[in-house]
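Q: I would like to learn how to read the features of a model like this one. Could we go through a few together?

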Amino acid sequence: FLERSHVSILNDNLLIVGFSQGAAVAVASLRLLEEEHPEVSIKRCYAGSGPYDVCATYDDAVRRNRLGMAVVVPLLVMGTSEAYDLHLRPEDFFTPYLLERYKPIVYDKRYGLVRLAFTMPSRKLSKYMTNEGMDKLQPETARMYEGFKRSSIVCVTETDTIYPDWTPRAPITLFHSTNDDIVCFDCALHMSAFLGTRGANFVTHFGRYGGHLASLLRYMHFLEEEL
């Protein structure tokens, strides 16, 4: 990508930085570079409030019957279905209320998440997902959950990961608010545990920094001080 963009790396001060979904991408990008392009030297990876564990995100929403951002539900279910050719049927997961609305939410790319969020104002998961869709013992939901595992950097337990043979060489900084209202703190705990079992060089900055958007401001201030 850098070559195609005519960008050259002039020194070893390359940083990978991401927040929210971008934090999971940052960690995945670090792995890709370290495994396939070892000639690229990464100084540090900063990952803030990332959903490294999609399963934990789902489990937290089911346990609390609450969502940080409801629009994520149809995107996550149908995105997982299409990514892994699971051919999941929306009617097995979505209530009639959501079935009337999910197609433009999933397939219309004109609007971002914040704009789409206004089409699903309630944060109650049961308003959008069926009882079967909230039960991992149901066969179709179990298939969906397996897709969630495949989309996670770490998942379900601290030692279960799709990256079992990777030990990061570059240092990693994990940042997460313990009271994040969109990306559950369990994601950060599982990521931290994974890095610990791999013997990685990492530090954590966990604290009560407010909700997801409020913690973004704290994260930007943190980066400003770090860099």
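Q: How many salt bridges does a search of the whole structure find?

A: Before counting, a word on the source: this is a predicted model, in which local features need pLDDT of at least 70 and side-chain atom pairs count only at pLDDT 80 or more, while totals for chains, interfaces and linings use all residues. Residues are numbered from 1 along each chain as its sequence is written, and side-chain values use heavy atoms, with hydrogens and water left out. Side chains of opposite charge can pair when their charged atoms come close. With a salt bridge taken as a side-chain nitrogen of Lys or Arg within 4 Å of a carboxyl oxygen of Asp or Glu, the search of the whole structure finds 12.

Q: Which residues of α1 are buried, and what covers them?

A: An α-helix has 3.6 residues a turn, so residues three or four places apart point the same way. In α1, the buried residues are A23, A24, A26, V27, L30 and E34. They cover an arc of only 155° around the axis (taken from the directions from the helix axis to the C-beta atoms), which puts them on the same side of α1. The face turned away from that side carries the exposed residues Q21 and E36. The cover over the buried residues includes β1, β2, β3 and α8, where contact means heavy atoms within 4.5 Å.

Q: What does P168 touch, and is P168 buried or exposed?

A: P168 lies in the loop between α7 and β3 and is buried, with a relative accessible area of 6%. Leaving aside residues up to four places away in sequence, P168 touches L30, E34, L195 and A200. Two of these, L30 and E34, are among the buried residues of α1.

Q: How do I check the span of a helix such as α9, and which of its residues are buried?

A: The expected span is 1.5 Å times one less than the number of residues. For the 15 residues of α9 (residues 212-226) this should give 21 Å, and the end C-alpha atoms are 20 Å apart, which agrees. The buried residues of α9 are H212, S215, Y219, F222 and L223. Seen down the axis of α9, they fall within an arc of 95°, so they line one face of the helix. The face turned away from the buried side carries the exposed residues L213, L217, E224 and E225. What covers the buried residues includes β1, β2, β3 and β4.

Technical notes. Buried < 20%, exposed > 50% of the residue type's maximum accessible area, 1.4 Å probe, protein only. Helix = DSSP H or I, 4+ residues; strand = E, 2+ residues; numbered from the N terminus.
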